[in-house]
Amino acid sequence: MRITETRLTPSRLELIRPLRTARATYTLREGFLVHLVDEEGRVGQGEAMPLVEFGTESLSVCQQVLHSHLRGLREQNLADNLDAIEDAFALPSQGPGQGRALRLRPSEEVPHAPAADHAVEMALLDLLSQRREIPLCRLLDRAARQEVLVNALLTAEEPQELAEEARKAVAEGYKTLKLKVAGRPLDEDEARVRAVRQAVGPDVNIRLDANGGWTETEAVHAVDRLGWYGLELCEQPVPPQELRALWRLQRRAPFPLAADEALASPEAIPVLLGLAGGMPAARAFVLKPMVLGGLLPALMFARQAASIGLEAFVTSAMDGVVSRAGAAHLAAALPSGRLASGLGVGSLFVREEPSEHPFRPVQGRIRLPDVPGLGLSP
Ligand SMILES: O=C(O)CCC(=O)c1ccccc1C(=O)O
Ligand SMILES: [Mg+2]
């Protein structure tokens, strides 16, 4: 394919109410939409929305790297296959591609910028799958599923309000509810979890996310007390760099712990997977394509995890519909679709762009559109 035209548009998403996590409070998300046009006029779409707390580049570095990537692509030929897309983002010191392959990081001077890489990779994958006339998920895996399960993200603080939110989500068809914990006394979190369990009964999955907000000692107490209410899993109970604490806690917890923020450091990955001599530190992994630098790196990670019996699921980084569409295609292509994806956040924004699209969960699921590419009209 040849890229004949590139466009970069700022994007901005306001939340209806602040989303509080143990690490940060989100009221606004900002980033860029990327459009790439091929020689036959097809448009590929991607989105970059940095999440600095998760180790991505800042908004300004993101913009700078996007400009550099788009400059590198203009009027260039790229072989019509996945390897060529993967190679385009390789570091100068890595792999093949010395010869004629297109490289977007020609020198070490282009900074680490997973959100920018994610946007450009997605737009290229959108184009490649349109050119092959298959949905993007099929390009990632020929056996991709047609539907993905999605969790509802509950955002209330107070137990009564949370219970109300939980009942509403279940009435809408969600089977998995996620709530943010930590950053407040454990008594309060216990009251919150109890209220949700009481509201929805025993058959709904409750997933927690501590965003690294507990010390190891606090996490031990939390696992013992909150585990009583029946938990599907807990994301990132302890700070991301504390991999051994995560390992010890996983030995104790009667439910899977999922590493999320910990995946932001490339050095942590072999340790998390147990490839550095020890045992895997967690039983599940949260894949944020925005943090991992794209759908392909996330898929490779999930396959590696699956080969040693560990599960993975996809979440957005609270970003726009273009990113969530790509993430839904990734979720459909993962080795296992058992764990619901964190892609139900569209309803948390003041105004969704566009207002109608196929990536809004219905009955707690997203059905992937059976059309070529990403399946979103630009
Ligand atoms: O998983 C979801 O439902 C939404 C994604 C989410 O929780 C999130 C959103 C922004 C930043 C961090 C996180 C997180 O999973 O930790
Ligand atoms: Mg998380």
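I take helices (H or I, at least four residues) and strands (E, at least two) as DSSP runs, numbered from the N terminus. The model is predicted: local features need pLDDT of at least 70, side-chain atom pairs count only at pLDDT 80 or more, and totals for chains, interfaces and linings use all residues. Residues are numbered from 1 along each chain as its sequence is written, with chains lettered from A and ligands numbered from 1 in the order in which they are written.

Entry on the annotated site. I looked up the UniProt record, an unreviewed entry, whose "binding site" annotation covers Asp209, Glu235 and Asp260. Their largest C-alpha distance is 9.2 Å, although they are spread over 52 residues of sequence. Such annotations may be inferred rather than shown by experiment; the positions follow the numbering used here, and feature names are shortened.

Entry on Asp209. I found Asp209 in strand β7 (residues 205-209). Asp209 is buried, because 25 other C-beta atoms lie within 10 Å (buried is 20 or more within 10 Å of its own, exposed 12 or fewer, partly exposed in between, with C-beta atoms placed from the backbone). Not counting residues up to four places away in sequence, Asp209 touches Lys178, Lys180, Val181, Glu235 and Gln236; contact means C-beta atoms, placed from the backbone, within 7 Å.

Entry on Glu235. I found Glu235 in strand β8 (residues 233-235). Glu235 is buried too, with 27 other C-beta atoms within 10 Å. Leaving aside neighbours within four places in sequence, I list Leu208, Asp209, Ala210, Ala258, Asp260 and Val286 as the contacts of Glu235.

Terms used: Two residues are in contact if their C-beta atoms, placed from the backbone, lie within 7 Å.
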